[in-house]
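Subject: Structure handover

Dear colleague,

Please find below the structure that I promised to pass on to you.

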Amino acid sequence: ASVADTTLLINLPNGTWIADDDSGGDLNPMIHLMNPPSGRYDIWVGTVRPSTASAVLHVTERLQ
């Protein structure tokens with residue numbers, strides 16, 4: 001979460017990139033992965049504008 005307009009990119013273990021800009025509301029990104037594969041995830045958090053901003057990355061696991 002951030003007070004700035006942030007964006008989120010994730011490189012999945014299979015090399016696929018996914019991105020989001022505002023799905024989390026209030027200009028925050030949110031990505032839901034159903035049945036995510038095991039492996040390494042590269043995560044990039046950035047701003048839409050050319051300035052920097054403080055942000056917090058929340059990663060959760062929900063077992064159904």
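Leucine 27 is partly exposed, with a relative accessible area of 41%, where buried stands for under 20% relative accessible area, exposed for over 50% and partly exposed for what lies in between (1.4 Å probe, protein chains only). Please keep in mind that this is a predicted model, in which local features need pLDDT of at least 70 and side-chain atom pairs count only at pLDDT 80 or more, while totals for chains, interfaces and linings use all residues. Residues are numbered from 1 along each chain as its sequence is written, and side-chain values use heavy atoms, with hydrogens and water left out.

Leucine 27 lies in the loop between β2 and β3, strands being DSSP runs (E, at least two residues) that are numbered from the N terminus. Although it is not a glycine, leucine 27 has a positive phi of about 65 degrees. Most residues other than glycine have a negative phi. Aspartate 26 also has a positive phi, of about 50 degrees, without being a glycine; it lies in the loop between β2 (17-20) and β3 (42-47), and it is exposed, with a relative accessible area of 72%.

Next comes threonine 7, which lies in strand β1 (residues 6-11) and counts as buried at 15% relative accessibility. Its side chain reaches the backbone oxygen of aspartate 20 at 3.0 Å. Leaving aside residues up to four places away in sequence, threonine 7 touches Asp20, Asp21, Pro29, Trp44, Val45, Gly46 and Thr47, where contact means heavy atoms within 4.5 Å.

A search of the whole structure finds 1 salt bridge, a term for a side-chain nitrogen of Lys or Arg within 4 Å of a carboxyl oxygen of Asp or Glu. Arginine 40 forms a salt bridge with aspartate 42, and their closest N and O atoms are 2.9 Å apart. Side chains of opposite charge can pair when their charged atoms come close. Of the two partners, arginine 40 counts as exposed at 65% relative accessibility, whereas aspartate 42 counts as partly exposed at 26%.

Finally, valine 59, found in the segment after β3, counts as exposed at 66% relative accessibility. Together with Ile43, Val45 and Leu57, Val59 makes a nonpolar surface patch of about 360 Å², for which residues need over 30% relative accessible area and no salt bridge, and nonpolar side chains (Val, Leu, Ile, Met, Phe, Trp, Tyr) are joined within 5 Å.

Methods: Helices (H or I, at least four residues) and strands (E, at least two) are DSSP runs, numbered from the N terminus. A polar contact is a pair of N or O atoms within 3.5 Å; within protein, one must be able to donate a hydrogen and the other to accept it, and residues adjacent in sequence count only if both atoms are side-chain atoms. Patches are made of residues with over 30% relative accessible area and no salt bridge: like charges are joined within 9 Å, nonpolar side chains (Val, Leu, Ile, Met, Phe, Trp, Tyr) within 5 Å. Accessible areas come from the Shrake-Rupley method with a 1.4 Å probe; for residues, only the protein chains shown count as cover.
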